[in-house]
Amino acid sequence: MTQIAAVRSAFPPHRYAQAEITDMVADLGGLARAQRSLVDRLHGNSGVKFRHLVFPIEEYRDVYGVGLSNERYVGAATELGEQALRSALIAAGVLASDLDLLIVTSVTGVIVPSIDALLIPRLGLRPDIKRLPVFGLGCVAGAAALARLHDYLLAWPGHTAALVSVEVCSLCWPRTEITTGDLVVSGLFGDGSAAVVARGGQAAREHGQSSRSGGTTGATGGPRIIATHGEVCPDSNDALGWRLGSEGFRIVLTTDLSDVIERELAAVVTSFLARQGLTVDDIGIWMGHPGGPKVIDAVQHSLKLPDSAVAVSRRSLAEVGNLSSASVLHVMEMTQAQGPHPAGSYGMMIGLGPGVSVELILLQW
């Protein structure tokens with residue numbers, strides 16, 4: 001068993017309405033009149049109302065090229081990751097020195113040593129903490145890394161572990177040879193981080209006993225992870241991904257993405273639930289990756305869910321945009337805030353990303 005002790009998000013202080021960011025994208029890309037009309041329409045239909053950026057809008061003109069962008073990424077991502085994890089540790093009532101494993105996932109920049117190593121002195125983590133940096137899973141990485149955290153805590157039930165997902169998407173927006181796909185993603189992605197602190201079964205029981213005796217404080221009402229499953233949809237590798245060019249990372253995005261999700265997701269979910277003796281109707285709480293309006297629609301249509309099941313995902317997209325790997329964890333935080341949820345309630349986290357890959361996490365309160 002893995003007990004979720006806390007999940008917290010962190011965002012840069014610079015928050016802008018979608019229209020302001022649309023103007024920024026048009027200005028930096030030098031868009032012609034036809035493209036400007038297109039970007040207005042695409043951004044207006046994105047389901048995004050606000051986004052956070054790591055820098056004020058006026059500074060982005062001076063951040064250009066893979067070297068400078070990645071240099072700025074390192075500082076911003078480390079700071080955001082620290083904020084999210086520090087907040088989650090406090091909410092969970094866990095000391096930084098008590099963490100046994102730290103997983104950090106990010107796909108919007110590269111650094112060696114990785115961000116997890118940089119967080120050790122900043123947070124006072126033990127120098128012998130186990131570390132697992134994750135790169136290459138894209139938007140699905142938040143859910144996939146949480147599944148790997150669960151695997152670890154099954155093997156080490158007396159341990160406490162943390163996951164940090166941090167993305168600085170604004171540093172990856174292209175400036176030259178702008179495609180329609182570029183304009184789509186420039187209207188969706190924002191900057192932010194999310195962190196999860198979780199305990200293994202033994203550690204959760206010991207914490208509960210200590211809390212009842214008045215020895216400690218901290219969150220105990222989060223869900224527990226029951227089971228996980230990951231799957232790559234066949235013949236879908238070209239639907240979504242990154243390619244590295246002279247400007248840095250650029251999105252690979254086709255119109256097939258939502259079609260693949262709508263076509264494949266139901267079978268993956270129902271098969272996974274059947275192995276747990278459950279059906280879609282048994283799930284009362286859904287936490288889906290807010291990849292964009294069409295992605296959310298595809299999830300809803302594939303599983304035949306009511307509007308209420310995807311309402312939190314749509315609200316996350318509207319308030320902060322798509323945070324790539326951190327998004328589904330932000331949805332989990334928002335879902336937790338809506339509680340308390342009835343004891344015994346089942347929840348399902350759905351992570352989606354390049355592959356096209358699906359990561360499922362079954363939870364119970």
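Modeller: F135 sits in the loop between β5 (130-134) and α5 (141-155). Helices (H or I, at least four residues) and strands (E, at least two) are DSSP runs, numbered from the N terminus. This is a predicted model: local features need pLDDT of at least 70, side-chain atom pairs count only at pLDDT 80 or more, and totals for chains, interfaces and linings use all residues. Residues are numbered from 1 along each chain as its sequence is written, and side-chain values use heavy atoms, without hydrogens and water.

Biologist: Why is F135 called partly exposed?

Modeller: Buried means under 20% relative accessible area, exposed over 50%, partly exposed in between (1.4 Å probe, protein chains only). F135 has 45% relative accessibility, so F135 counts as partly exposed.

Biologist: Why is T22 called buried?

Modeller: T22 has 4% relative accessibility, so T22 counts as buried. T22 lies in helix α1 (residues 18-29).

Biologist: What is T22 in contact with, leaving aside its neighbours within four places in sequence?

Modeller: Contact means heavy atoms within 4.5 Å. With those neighbours left aside, T22 is in contact with R36, V39, D40 and H43.

Biologist: Is S345 buried or exposed?

Modeller: S345 has a relative accessible area of 17%, and therefore is buried. S345 is in the loop between α11 (327-337) and β12 (346-353).

Biologist: How far apart are S345 and I285 in sequence and in space?

Modeller: They are 60 residues apart in sequence and 7.6 Å apart in space, C-alpha to C-alpha. Leaving aside neighbours within four places in sequence, S345 is in contact with I285, L363, Q364 and W365.
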